[in-house]
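I opened my notebook to look up a few things in a structure. Come and read along with me.

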Amino acid sequence: MGKHVEIRLALPVVGPLVDFILPLLESELDGLPASPDLDSVDRDLRETWEQELIESHRADVELFKDLFGGEFHSTGVIEFPEEDSEAVVRACASIRLRLRSGVLGDIEDETIENGNLDFDSMSMEEKTGFMAYSFIASFQEILIRHMD
């Protein structure tokens with residue numbers, strides 16, 4: 001059996017963020033997270049490429065959802081084969097894009113990236129969205145460092 005990645009998370013902190021994120025992923029499974037302008041590409045080739053990308057994206061998101069299912073809510077531990085790390089990183093990127101274009105859509109990119117938010121003027125959903133975004137960004141960074 002190959003190597004596994006095991007991460008123990010603070011359940012009281014991360015649990016509510018995961019509960020916020022997972023429902024956002026339900027609608028995401030039907031489309032692409034973002035796609036380039038492919039109007040100049042042959043229609044059949046474009047459709048094949050888009051379908052393969054959608055299937056790959058769907059598999060990445062399902063893998064991410066599975067990490068936080070099962071025993072996670074009782075143990076706070078996620079575990080997966082090391083070879084799935086890239087798929088998890090891709091899913092994290094997709095989640096961050098989803099949060100940026102959704103609940104955090106009214107906040108400037110620079111403000112989110114440097115963390116200089118005016119929390120007093122933010123809605124509870126925006127505050128939770130920012131905390132979820134920050135968690136996913138940190139999680140993604142840890143995985144990338146581990147992969148290196």
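This is a predicted model: local features need pLDDT of at least 70, side-chain atom pairs count only at pLDDT 80 or more; totals for chains, interfaces and linings use all residues.

Next I looked at the whole chain. I found six helices and two strands, and along the sequence they follow the pattern β-α-α-α-β-α-α-α. Of the 148 residues, 39% are buried. The chain exposes about 8,800 Å², and carbon and sulfur atoms supply 50% of that.

Back to helix 6: I looked up its buried residues, and among them are Phe130, Phe135, Ile136 and Phe139.

Then I turned to the aromatic rings, where the count comes to six pairs. Phenylalanine 68 and phenylalanine 135 have ring centres 6.4 Å apart and planes at 80°, so I noted this pair as edge-to-face. The pair links distant parts of the chain, with phenylalanine 68 in the loop between helix 2 and helix 3 and phenylalanine 135 in helix 6, 67 residues apart. Phenylalanine 68 has 1% relative accessibility, so it counts as buried; phenylalanine 135 is buried too, at 12%.

I also checked phenylalanine 119 and phenylalanine 130: their ring centres are 5.8 Å apart and their planes lie at 65°, so this pair is edge-to-face. Is phenylalanine 119 buried or partly exposed? At 34% relative accessibility, I wrote it down as partly exposed, while phenylalanine 130 is buried at 10%.

My last entry is a cluster: Phe64, Phe68, Phe72, Phe135 and Phe139 form one aromatic group.

Terms used
Residues are numbered from 1 along each chain as its sequence is written. Side-chain values use heavy atoms; hydrogens and water are left out. Helices (H or I, at least four residues) and strands (E, at least two) are DSSP runs, numbered from the N terminus. Buried means under 20% relative accessible area, exposed over 50%, partly exposed in between (1.4 Å probe, protein chains only). Accessible areas come from the Shrake-Rupley method with a 1.4 Å probe; for residues, only the protein chains shown count as cover. Rings of Phe, Tyr and Trp (its six-membered ring) pair if their centres lie within 6.5 Å; planes under 30 degrees apart count as stacked, over 60 as edge-to-face and the rest as tilted.
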